[in-house]
Amino acid sequence: MKNIAVIGTGYVGLVTGTCFAETGNNVICVDIDKEKVERLKNGEVPIYEPHLDVLFERNIKQKRLQFTTDLASAIKDAEIIFLALPTPPGEDGSADLSYVLGVAKDLGKLITEYKVIIDKSTVPVGTADKVTAAIKAETDVPFAVVSNPEFLREGYAVDDFMNPDRVIIGTEDEKAKIVMKELYQPFIRDGHPLIFMDEKSAELTKYAANAFLATKITFMNEVANFCEIVGADVDKVREGMGSDTRIGHRFLYPGIGFGGSCFPKDVSALMKSGLDNNFDFSIIDAVLNVNKKQRIKLLDKILDYFGDIKGKKFALWGLSFKPDTDDIREAPALYLIDELINRGAEVVAFDPEGMDNVKKLLGDKISYVENQYDALDGADALLIATEWSVFKNPDFNLIKSKLNSPVIFDGRNIFNLSDIQEKGVYYSSIGRQT
Ligand code: UGA
């Protein structure tokens, strides 16, 4: 059992705090947002993340998970302090470290005995050094700064935390290594190691992993686009490629590009880190450019089909950047909506979880319906931007009866090509023949 303080109750902080409480530790989560802390104290989970609520409730009841706005009292008895603070992109794509370094300074003023201070936020190479310097400027008390990046996928965060493929621990402080080993022991299984390295390598591991995955998707998106030109089927190519164990089947699904709060931000930050070090990350540059075009790939297909879309009405299924989340940050659907309404088209949207967030952002620029089929009434085509399970086996007769003409543009390839050919609809997807 360890006493842990987690600073920042965003997505990463909440999952981290809850999962460490679940493995028997005493966790206190700190946030400057008083209203949020009150809601958390009352057992309200502010984010949509499967399974989090059950663990959250259980650990609050057991008093292993607590919340406060008072940093000083939270860290007093905590041997371990996690920094799970936002690192939003600045104007130039670089990660804004002001929250992280601000708290580091505060910690420097507050600590009175050895602490292990752990960076969970995704931060550029060299941040551990900056955090160390910020704390050292305030105190002579010994401490260690550890880089321990998270690899949590939204929608699977609890499972990813409880069953990690690997845990990266970046530190050269021997005492901190022992503390971290004990802390993560419950999560380590055969073949899923705890990997120790220096702070800089740990920081870069996170960016490199996200950028590699973004590159893998983007590569497949380019292959898909080429499949359309030469008459190949990307499903077959994907299966053939993925069967090579060096490549693997995962993250090879083409679509309308990657989005979310992580990939676009982290890939841009790595690019910027490269530039800052006079290093031209040309592959990353290409990934960003290709993804920008891919996000509006359906638009090209729609324009090819309809020509002018002024006054046309489109039913849009899917707003969140991927299924099982209400997160709409950098969602390809938003870029598509923008292009459609700028050309005078009307959009009627449905999403199982993301509609409230889009309403806040776009207001009445588009219309919203509470049932996916209601979006189809009098629409000229159905557009699919997110592969929610509920869209995968629809009532095609109802779709055909409601649309003006049976036309579907699918940005996530959710239907099997041979099945859909029997449904009597015009169907256009990514990397497959129409
Ligand atoms: C991603 C990483 O997968 C996590 O390991 C990492 O911890 C996290 O970012 C982060 O940095 O915090 P996440 O953004 O939740 O997690 O989403 P993913 O499931 O990885 O999907 C990212 C994007 O890639 C989505 O837009 C998704 O639609 C797209 N994608 C994914 C594809 O287009 N094709 C695929 O085959 C897979």
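Colleague: What do the buried residues of α5 pack against?
Modeller: This is a predicted model. In it, the buried residues of α5 pack against β1 (3–7), α4 (71–76), β4 (80–83), β5 (115–119) and α6 (127–136).

Colleague: Which residues of α5 are the buried ones?
Modeller: They are V100, V103, A104, L107 and G108. These residues cover an arc of only 150° around the axis, which puts them on the same side of α5.

Colleague: And which exposed residues does the face turned away from that buried side carry?
Modeller: That face of α5 carries S98, G102 and K109, which are exposed.

Colleague: What should helix α5 span at 1.5 Å a residue, and how far apart are its end C-alpha atoms?
Modeller: Helix α5 covers residues 98–110, and its 13 residues should span 18 Å at 1.5 Å a residue. The end C-alpha atoms are 18 Å apart, which agrees.

Colleague: Let us turn to the domains. What does the domain assignment of the chain give?
Modeller: The assignment gives domain 1 (3–197), domain 2 (207–293) and domain 3 (295–428).

Colleague: How many residues are in contact between domain 2 and domain 3?
Modeller: Eleven residues of domain 2 are in contact with 15 residues of domain 3. On the side of domain 2 that touches domain 3, α12 gives the most, with three residues. By class, the residues on that side of domain 2 divide into three nonpolar, six polar and two charged.

Colleague: How far apart do the C-alpha centres of domain 2 and domain 3 lie?
Modeller: The C-alpha centres of these two domains lie 24 Å apart.

Colleague: You mentioned α12. Which of its residues are buried?
Modeller: I284, V287, N291 and Q294 are buried in α12. They cover an arc of only 85° around the axis, which puts them on the same side of α12. On the other side of α12, S282, N289 and K292 are exposed.

Colleague: What covers the buried residues of α12?
Modeller: The covering elements include α9 (199–230), α11 (263–276) and α13 (297–306).

Colleague: How far does helix α12 reach from its first C-alpha to its last?
Modeller: Helix α12 (residues 282–294) has 13 residues and reaches 18 Å, close to the 18 Å expected at 1.5 Å a residue.

Colleague: Now the ligand. Which residues come nearest?
Modeller: There are 21 residues around the ligand, and of these E154, Y253, F258, G260 and C262 come nearest. The most comes from α9, with three residues.

Colleague: How does that shell divide by class?
Modeller: The shell around the ligand has eleven nonpolar, five polar and five charged residues.

Colleague: Which domains does the shell draw at least three residues from?
Modeller: The shell around the ligand draws at least three residues from each of domain 1 (3–197) and domain 2 (207–293).

Colleague: A change of topic: what is phi of H51, and where does this residue lie?
Modeller: Phi of H51 is near 75°, a positive value in a residue other than glycine. H51 lies in the loop between α2 (34–41) and α3 (52–61). H51 is partly exposed, because 14 other C-beta atoms lie within 10 Å.

Colleague: E44 is in the loop between α2 and α3 too. Does it count as buried or exposed?
Modeller: E44 counts as exposed, because it has 11 C-beta neighbours inside 10 Å. E44 and F56 are twelve residues apart in sequence, and their C-alpha atoms are 8.9 Å apart in space.

Colleague: What about phi of E330?
Modeller: E330 has a positive phi of about 55°, although it is not a glycine. Its place is in the loop between β9 (313–317) and α14 (332–342). With 19 C-beta neighbours inside 10 Å, E330 counts as partly exposed; the cut-off for buried is 20 or more.

Colleague: Lastly, where does L403 lie, and which residues does it touch?
Modeller: L403 lies in the loop between α16 (396–402) and β13 (407–410). Not counting residues up to four places away in sequence, L403 touches L376, A379, A381 and L382. L403 counts as buried because it has 21 C-beta neighbours inside 10 Å. L403 and D380 are 23 residues apart along the chain, and their C-alpha atoms are separated by 6.0 Å.

Terms used
Residues are numbered from 1 along each chain as its sequence is written. This is a predicted model: local features need pLDDT of at least 70, side-chain atom pairs count only at pLDDT 80 or more; totals for chains, interfaces and linings use all residues. Helices (H or I, at least four residues) and strands (E, at least two) are DSSP runs, numbered from the N terminus. The expected span of a helix is 1.5 Å times one less than its number of residues. A residue is buried if 20 or more other C-beta atoms lie within 10 Å of its own, exposed if 12 or fewer, and partly exposed in between; C-beta atoms are placed from the backbone. The arc is that of the directions from the helix axis to the C-beta atoms. Two residues are in contact if their C-beta atoms, placed from the backbone, lie within 7 Å. A residue is near a molecule or strand if its C-beta atom, placed from the backbone, lies within 6 Å of it. Ala, Val, Leu, Ile, Met, Phe, Trp, Tyr, Cys and Pro count as nonpolar, Asp, Glu, Lys and Arg as charged, and the others, Gly among them, as polar. Domain bounds come from an automatic or database domain assignment.
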